[in-house]
Amino acid sequence: MSVADKVCLNHTDRAASNLCLSCRKPVCEDCVVESDGSHFCSATCAEGHARTNANMEVYRGKKKGGFLSLIIKLAIIGAIVYFGWQYKDQIMNMINKK
Ligand SMILES: [Zn+2]
Ligand SMILES: [Zn+2]
C-alpha cells in the first residue's frame with residue numbers, strides 16, 4: 001500500500017509520509033505520531049494500539065500459565081494415575097489367574 005498518492009489528514013497540500021497503523025489514515029511528517037517504532041495519526045490512536053497490544057499480552061499470559069492449564073495438567077496426572085491403577089489391576093488379575 002503506497003502513501004505517495006495520498007495527502008495528509010490535516011494538511012491537504014502536503015503529501016502523506018505514513019499511514020496510521022491503527023486507523024490507516026494518511027499523515028505527513030509533521031503530524032505523524034511515533035510510538036514503539038510504529039506510526040500513528042494521533043496520540044489517541046497510538047494509545048489505543050498500545051492498549052490492544054497490552055491486552056493481547058495479558059491474554060497470552062493467561063493462556064500460558066493460567067488456571068485452565070493447571071486444570072488440564074491435573075486432569076492428565078489424574079488420568080495417568082487412574083489408568084496406572086487399572087493396568088496394575090489387570091496385571092494382578094493375570095498373575096492371579098495363572
Ligand atoms: Zn489513526
Ligand atoms: Zn500534516
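How many helices and strands does the protein chain have? The protein chain has 2 helices and 4 strands, where helices (H or I, at least four residues) and strands (E, at least two) are DSSP runs numbered from the N terminus.

This is a predicted model, in which local features need pLDDT of at least 70 and side-chain atom pairs count only at pLDDT 80 or more, while totals for chains, interfaces and linings use all residues. Residues are numbered from 1 along each chain as its sequence is written, and chains are lettered from A and ligands numbered from 1 in the order in which they are written.

View 1. The elements run β-β-β-β-α-α, and buried residues (20 or more other C-beta atoms within 10 Å of their own, with exposed meaning 12 or fewer, partly exposed in between, and C-beta atoms placed from the backbone) make up 13% of the 98 residues. The mean pLDDT (the predictor's confidence in each residue, from 0 to 100) is 87, and 90% of the residues reach 70 or more. Among the elements, helix H1 (residues 43-65) has the lowest mean pLDDT, 81, whereas E2 has the highest, 96.

**View 2. The loop that holds Arg24.** Arg24 is placed in the loop between strand E1 (18-19) and strand E2 (26-27), and its phi is near 65°, a positive value in a residue other than glycine. Most residues other than glycine have a negative phi. Arg24 is exposed, because 10 other C-beta atoms lie within 10 Å.

**View 3. The loop that holds Asp36.** Between strand E3 (33-35) and strand E4 (38-40) lies the loop in which Asp36 is found, and here too phi is positive in a residue other than glycine, near 55°. Asp36 counts as exposed because it has 10 C-beta neighbours inside 10 Å.

**View 4. Helix H2 and the annotated span.** Helix H2 (residues 67-97) has 31 residues and reaches 45 Å from its first C-alpha to its last, close to the expected 45 Å, which is 1.5 Å times one less than the number of residues. H2 is hardly covered, with 0 buried residues among its 31. An unreviewed UniProt entry lists residues 66-85 as "transmembrane region"; UniProt positions are given in the numbering used here, feature names are shortened, and annotations may be inferred rather than shown by experiment. The end C-alpha atoms of residues 66-85 lie 29 Å apart, and the span is 95% helix and 0% strand.
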